[in-house]
Amino acid sequence: MKFKIIGGEKLEGEIEAKGSKNAATKMMIASLLTDEECVLENFPLIDDTEIVQELCESIGSEVKIGNSALSIKTPEIKNFRASFLSRRNRIPVLALGPLLNRVGRAEVPILGGDKIGPRPVDIHLEALKSLGARINFDQNYFYAEAPNGLKGTRISLRYPSVGATENTILAAVLAKGRTVVQNAAIEPEIIDLILMLQKMGAIIELGSDRTIYIEGVKKLNGARHRILPDRNEAVSFACLALASPQNKIKIKNARQENLITFLSAVRRIGGRYQIEDDGIVFYGAKDLSATEIETDTHPGFMTDWQQPFSILLTQAKGVSIVHETVYEDRFGYIEDLNLMGANIKVFSKCFGELSCRFNGKEHPHSAVISGHTPLFGKNQKVRDLRAGIANVIAALIADGESQIDGVEELDRGYEDLDERLRNLGADIKRIM
Ligand code: EPU
């Protein structure tokens, strides 16, 4: 499926940041920890949540969706082996802990997901093993068991991985005794997951310096939780608004407290916004100026923001630098932007101050963007979810027509993207 976009239309109005993809999918897995019903409000209807629904149903969950909420109840684990899923994402490995806690055995499909580098799960597996799990895998499945149950322990994560932190929490909440997780990730989606687990009866404390303390309980109950708004959606639409002087877009539900680093970067390049009670209004700007950004774990500048922000930097005057320190291979889309008229060079040296795991390795992870460069419509193919939103934003501000192939990838993370953009005035059509 493709998007056909005629760029240059004025975009104006209100667009809502839906419930966060990267929280909703984990909360569905958290619901497997109880035999009672969990209700997730502000639930995003996207392909990634459908994939997790398929996973949960194959284990024994009963799922109902309506009125922007999902109800999920797993009275018994009917299968500790999740069936092979019709589509893949990175969530199944997170079900290991809940299944081990409830039935002592777990078999889940190996991960799929974005094409942004190898994305190993060694840190997840090390943490689960130190909680007492025995894990093997082949090409298709992880096989885990915990014949003596999971037991709390002290775990220091080699890197504050989002997934590994979530995996450890989901395993430790029902483990025997106390678990201390040092060097944990503390992304807002993780804090929201902790809020839901606390409602379910979990005992979790947040220490200073990225330490999370979990005291295992015997049983968890159901809960009702409203999913936090998606800050990646908010940033995508904010960059779209800022990238063209004629635009003015209010992002309903965008939350300042989860966007502090992004908003400061916007201010630094001369972008304008206004914080309101129920969202943030972003104004298109003529005179953006260059800057340097480095992606990092929270509360740093998020790796999922560098793609839409780089488009903004193609419209800023001067030389900007983007240093990607989270993923080793997240600049593939730069080639697409250059074909549209951008002037961006990518280097494998570190162009920044942060300590970076890719230093001295041959990973293309520093970009130098020279602007301002007008963009022209071109046909493109979506490489991964966030690269795809960069393709869409670039096409919307470019002169002329672009056709973007492979938009199924965008449907994984953005609900009704084309319709919502049309409501702002965009000329975008979905074609076969
Ligand atoms: N890593 C390892 N070993 C591990 C786990 C991670 O080496 O066991 C490395 C990864 O290869 C990567 C880095 O650590 O270089 C960060 O990975 P992390 O585990 O933190 O990320 P994730 O849990 O796989 C989530 C989001 C990503 C988002 C990152 C960073 C989900 C489903 N995905 O991925 O979102 O970019 O955190 O914030 O929550 C997206 O939504 O498009 C997306 C890619």
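The model is predicted: local features need pLDDT of at least 70, side-chain atom pairs count only at pLDDT 80 or more, and totals for chains, interfaces and linings use all residues. Residues are numbered from 1 along each chain as its sequence is written, and side-chain values use heavy atoms, with hydrogens and water left out.

I begin with the ligand. Turning to polar contacts (pairs of N or O atoms within 3.5 Å), a polar side-chain atom of Lys26 is placed 2.7 Å from a ligand oxygen atom, and one of Lys21 is placed 3.0 Å from a ligand oxygen atom. Ile123 has a backbone N or O atom 2.8 Å from an oxygen atom of the ligand. Of the 830 Å² of accessible area that the ligand has on its own, the protein covers 94%, by the Shrake-Rupley method with a 1.4 Å probe.

Next, His124. This residue is found in helix H4, residues 122-130; helices are DSSP runs of H or I, at least four residues, numbered from the N terminus. His124 is buried, at a relative accessible area of 6%, the cut-off being under 20% with a 1.4 Å probe and protein chains only. Its contacts (heavy atoms within 4.5 Å) include Val93, Leu94 and Ser161, not counting residues up to four places away in sequence.

Finally, helix H2. Its buried residues include Ile51, Val52 and Leu55. Just after H2, Gly60 takes a positive phi of about 135 degrees.

Key:
Helices (H or I, at least four residues) and strands (E, at least two) are DSSP runs, numbered from the N terminus. Buried means under 20% relative accessible area, exposed over 50%, partly exposed in between (1.4 Å probe, protein chains only). A polar contact is a pair of N or O atoms within 3.5 Å; within protein, one must be able to donate a hydrogen and the other to accept it, and residues adjacent in sequence count only if both atoms are side-chain atoms.
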